[in-house]
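Here are my notes on the model you sent over.

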Amino acid sequence: MAEGERQPPPDSSEDTPPATQNFIIPKKEIHTVPDMGKWKRSQAYADYIGFILTLNEGVKGKKLTFEYKVSEAIEKLVALLNTLDRWIDETPPVDQPSRFGNKAYRTWYAKLDEEAENLVATVVPTHLAAAVPEVAVYLKESVGNSTRIDYGTGHEAAFAAFLCCLCKIGVLRVDDQIAIVFKVFNRYLEVMRKLQKTYRMEPAGSQGVWGLDDFQFLPFIWGSSQLIDHPYLEPRHFVDEKAVNENHKDYMFLECILFITEMKTGPFAEHSNQLWNISAVPSWSKVNQGLIRMYKAEGGAARCGAWDASGNGCHESEPSPWRDGVGAEMGHGCRESLAGREEAGMQGGQMAGMGTSEQF
């Protein structure tokens with residue numbers, strides 16, 4: 001992965017948190033399907049979707065090997081993810097009768113549960129130490145469920161919300177946006193895939209053949225944005241094995257396709273029917289727009305929004321320069337449920353399998 005020079009330290013005045021900023025531990029607020037309306041009307045929902053769209057625009061037309069700056073905060077986040085990766089190596093799967101859901105995952109997760117705040121504290125500067133317990137909840141929620149030993153798009157959304165929180169309290173900056181996707185989120189995907197393979201994690205709330213993917217959604221959005229206006233790769237090419245093998249290291253979308261083909265057997269049209277249908281869409285911009293509509297249709301990773309910190313916290317305070325292409329502001333802070341548990345209405349993390357024709 002190409003990396004540029006480290007950014008100079010930001011002006012100290014920018015690091016000063018707002019005087020009114022307080023932080024609290026997120027708690028579950030979405031218990032039933034009707035509660036989803038509250039989430040979709042919240043400022044937190046607007047902020048979360050705005051964050052996703054900001055990054056979507058930032059990576060448009062760019063390969064993973066694109067030259068970008070890497071700040072100290074980005075490097076610290078990668079180091080955090082490297083620690084999670086090392087813990088997998090230190091916690092091998094155990095012998096058990098069941099093929100899926102290896103119980104060694106619970107040992108791995110228990111270590112994260114114990115060390116999450118310490119890990120987050122390595123990323124967050126000392127003057128924002130009060131934010132650590134709140135932000136750490138999103139990190140813990142982003143790696144799967146230790147009871148069911150499963151993982152899905154709600155967990156993925158929790159990690160996006162974790163990053164959103166760091167942006168909103170000023171740890172990450174506007175000029176980090178490409179590195180957030182290409183360096184941090186891509187590394188997160190590598191660790192999650194290693195977890196899924198090592199501990200044979202079940203897909204959380206999978207829609208099966210009618211879902212987009214068992215485990216991920218955001219890399220399809222951002223990955224399709226990368227491919228917009230590509231000189232020769234079209235949506236029809238992602239079901240071509242040769243095209244995927246030759247280009248997957250440059251594009252997140254194709255890396256997802258490669259992982260699917262490694263994990264599943266049989267004809268692609270049968271085990272990944274939604275994606276097969278999407279391959280008939282004429283352009284990457286239409287694919288990107290349709291995937292965003294699919295994501296919003298379920299409340300923008302509604303499983304993630306099942307937690308809502310009522311009161312002051314990371315979501316409140318003054319605006320920052322984080323905006324998406326249509327101007328949704330990203331303020332300092334992440335109060336009001338930017339992420340959380342994946343049990344909003346339906347268990348698990350898979351976005352509902354919307355009919356392709358409805359969204360594209």
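1. Start with helix 4 (residues 72-90) and helix 8, which pack at about 10° with their axes 10 Å apart. Axes here are lines fitted to C-alpha atoms, for helices over the stretch in contact, and angles run from 0 to 180 degrees between N-to-C directions. Angles under 35 degrees count as roughly parallel, so helix 4 is roughly parallel to helix 8. Helices are DSSP runs (H or I, at least four residues), numbered from the N terminus.

2. By residue type, this contact (heavy atoms within 4.5 Å) divides into 13 nonpolar, two polar and five charged. Among those meeting are Leu-77, Leu-81 and Asp-85 in helix 4, and Val-184, Arg-187 and Tyr-188 in helix 8.

3. A caution: this is a predicted model, where local features need pLDDT of at least 70 and side-chain atom pairs count only at pLDDT 80 or more, while totals for chains, interfaces and linings use all residues. Residues are numbered from 1 along each chain as its sequence is written, and side-chain values use heavy atoms, leaving out hydrogens and water.

4. Now look at helix 9 (residues 218-226): nine of its nine residues are buried, meaning under 20% relative accessible area with a 1.4 Å probe, protein chains only. They pack against several helices, including helix 3 (43-58), helix 8 and helix 14 (284-297).

5. Trp-222, one of the buried residues of helix 9, is also among the residues touching the most other members of the 104-residue largest nonpolar core, as is Phe-253. Helix 8 (residues 177-199) gives this core its largest share, 13 residues. Such a core is a set of buried Ala, Val, Leu, Ile, Met, Phe, Trp, Tyr and Cys residues joined through side-chain atoms within 4.5 Å.

Technical notes: Buried < 20%, exposed > 50% of the residue type's maximum accessible area, 1.4 Å probe, protein only. Helix = DSSP H or I, 4+ residues; strand = E, 2+ residues; numbered from the N terminus. Parallel < 35°, antiparallel > 145°, perpendicular 65-115°, else oblique. Nonpolar A, V, L, I, M, F, W, Y, C, P; charged D, E, K, R; others polar.
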